[in-house]
Amino acid sequence: MPKSAKRRKEKAADFAKAKLKLGKGKQAPSNAIDTSFKARSIALPSQSIAVEKDDSAPTTRRKLSLDDLIVNIKHHNPGTRKDTIFGFRELLDAHWELIDSSLPILINVTVRIIGDEDASVRKALLSFYSWLIPRIPKEDLVPHAPLILLFTSSAQTHIFPEIRIDAIRFLNIFLEYFPEVIVRGWDTANNSNGSRVLEGYLGVLSAGTITGDAEGPPVATSTASVMLTPASKLVVLQSLSRFLKAATGIQSASLTSEDFWFLSRSFHTKEAYITFNRLLRPSSTLQSSPHKAWSSEMEPEADIFPVASAMATHTGNLSCQLRELSDHVVLCRNFCESGASTSTGNPFVVRLAKTLHPTLVSVFLDCAPAVFSPSNGPPETEMDSISAVVSITRTLYSLIIQDSSPIEQTFQDLNFTYCDLTSRLVPASRPSAAASHPTTSRGKKARHFGNDASQANRVQEYVLEILQEQVSTSQLVRGLTSTAYNSLLPTIWSLLNYSGRNEEQLERSGEVLEAVVEHAVKIGSKSVLKRSTFDFVARLVLVRAFRLKTRTKADKLIEEWLTQLPQILWELGSSNPSVSEAIVLFLLRLLQRRSKILHENTLASLQTRFAPYFHITHPTRGEILGPFNKLPKNGLSSPAGLRRRVLDVVILLCTDGSSGEALRSAVDSALVNTEEYEYWAHLKHHFGRSQTTL
């Protein structure tokens, strides 16, 4: 059989000569050997023979020194970067003395991975900062704050949403330990730390930006909206609430609940209110000032020092001192009936509130059905989201209107927030303002003030339930804490002074006053609420700015509260000098003013109840010294001391009352062989002479 054509061609190909073509080089033979090679370098900085390693330097379990870790933090492998962060903590935990010399370089290399694209690296860095920053003094961290905020605010605007959320978590740590640096310049547009951070919050929430035209609508931060999960949105809202609280708290530090800011409307000037508040503040909360003990001889070179007691060195008529006091402190000012309309507030805060309003409403409407559903318990994430929204609303709108845990606890906080906002809104809505406007919009204004009255009635009912400890079936009412009571004080003050009311509302306002005083009477002397209730009722008695239709029952309750004060001093003894001093200060100011509330029967009762505080004659045990002798002798760094202030109160009681001999005798018996005996003798001599002159 003949061979195929294919086999013949294959056989002939072994001896065929390749034809050369134009432009083609000579082909290499089939048996040629390739002798080309390639070379690559390997970088081993930790094993370099040109650098001598310090074997005495502290190392980790992997034999890595601080310099090695600083090099590895820039490694391309995410696992290596994460292990390096753990190595930093291990090394500093064992050798904390390294932080003094390595803090600048440590912060410089770690802040650069705040925006790392690997989630495990960011989580490790977050844990490391949570451990490191609380251990470093604040004054050492503040110089590095601009660098820290530069990379944190940059991470807030990252293209990946998860990196933005982690940047918010880093901000939570920084807000806890140096908030004043974070919020600095938050209400300006000069590219400060606070403004960049705030813009980052708004960008994450897709709320827009507040830069640009102050009157125009918010401008979108980007064309692509960021879709956040409910948990991520909760992180942003809680952090924004903390940021705004830190910013507004620093901006209005003088308007705290401890300073009873809501009483400032009862004074002609701000200085009068500050002076009034200072006169009732215990010396433990005041800054210490140079002082010198009282001396019967005047020393001209020592005139710069305040004397130990203004009463002890007074040489004129007592009425002159009272007139001088009234020049500095304007008391008994009626609550302003025709105050200004609602304040426009800080324009920046107003614009910020407008920018956040759609976002806050959207979050509230998304979470409210699940939280307020009667069928089952509210989800924790949605409940915390509503709480954060309400907190942000309260922080912003409290500045605009005024401008100057467990589920039950969360609901109580929401109720208190509603009461607080109502108390700020109602005084700003004056019926007298409606009379000055044209009558064309009278119907709208009438409906507006009707809504105010309805809100005030609801708040009033809730406050009465809280104070009377009555549990309503429609609301969750918990036992009051000191913080909760202080948060209710602006609401109570607003209810007592709500102007433009009818006769029924005047009577209900009297019910609020009676409930407040009765609650203060029933609180035990060792209760945590005792100081808060006393401070508020004492200022009510001194200011006396509320207007009621009838005060018969309220006056009786106030008289009962007054006559109870010596008993409280007895029960406190020396266990709580701060509360004791607050009570003594109040009685001293009340007696100095010769208040009309101090009737003859009230003075007699105070004299009788004060005597056991100094000395008791027991039928079987004989003479016993009272709690006065257990008071601290120096007295809370006060120039006069707590013991001498008590004696000031007693001498005024004995002077004004008609039956003060028993009290005077008890004080004489208690002060035998004591340091205060000479001071007491001087008071008796001085006031005995003053009475003779009068």
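The exercises below work through the fold, the aromatic pairs and one backbone angle of this chain.

The model is predicted: local features need pLDDT of at least 70, side-chain atom pairs count only at pLDDT 80 or more, and totals for chains, interfaces and linings use all residues. Residues are numbered from 1 along each chain as its sequence is written, and side-chain values use heavy atoms, with hydrogens and water left out.

**Exercise 1.** State how many helices and strands the chain has, and what share of its residues is buried.

Solution. Helices (H or I, at least four residues) and strands (E, at least two) are DSSP runs, numbered from the N terminus. The chain has 28 helices and 2 strands. Buried means under 20% relative accessible area, exposed over 50%, and partly exposed in between (1.4 Å probe, protein chains only). Of the 694 residues, 45% count as buried.

**Exercise 2.** Classify the ring pair W96 and W131, and say which parts of the chain the pair ties together.

Solution. A pair of aromatic rings is described by the distance of the centres and the angle of the planes. Rings of Phe, Tyr and Trp (its six-membered ring) pair if their centres lie within 6.5 Å; planes under 30 degrees apart count as stacked, over 60 as edge-to-face and the rest as tilted. The count by this rule is 18 aromatic pairs. For W96 and W131 the values are 6.0 Å centre to centre and 90° between the planes, an edge-to-face pair. Next, place the residues: W96 lies in the loop between α3 (78–94) and α4 (99–110) and W131 in helix α5 (residues 119–132), so the pair ties together parts that are 35 residues apart in sequence. W96 is partly exposed at 29% relative accessibility, whereas W131 is buried at 7%.

**Exercise 3.** Locate K63 and give its phi.

Solution. K63 lies in the loop between α1 (5–13) and α2 (66–72). Its phi is positive, about 65°, although K63 is not a glycine. K63 is exposed, at 63% relative accessibility.
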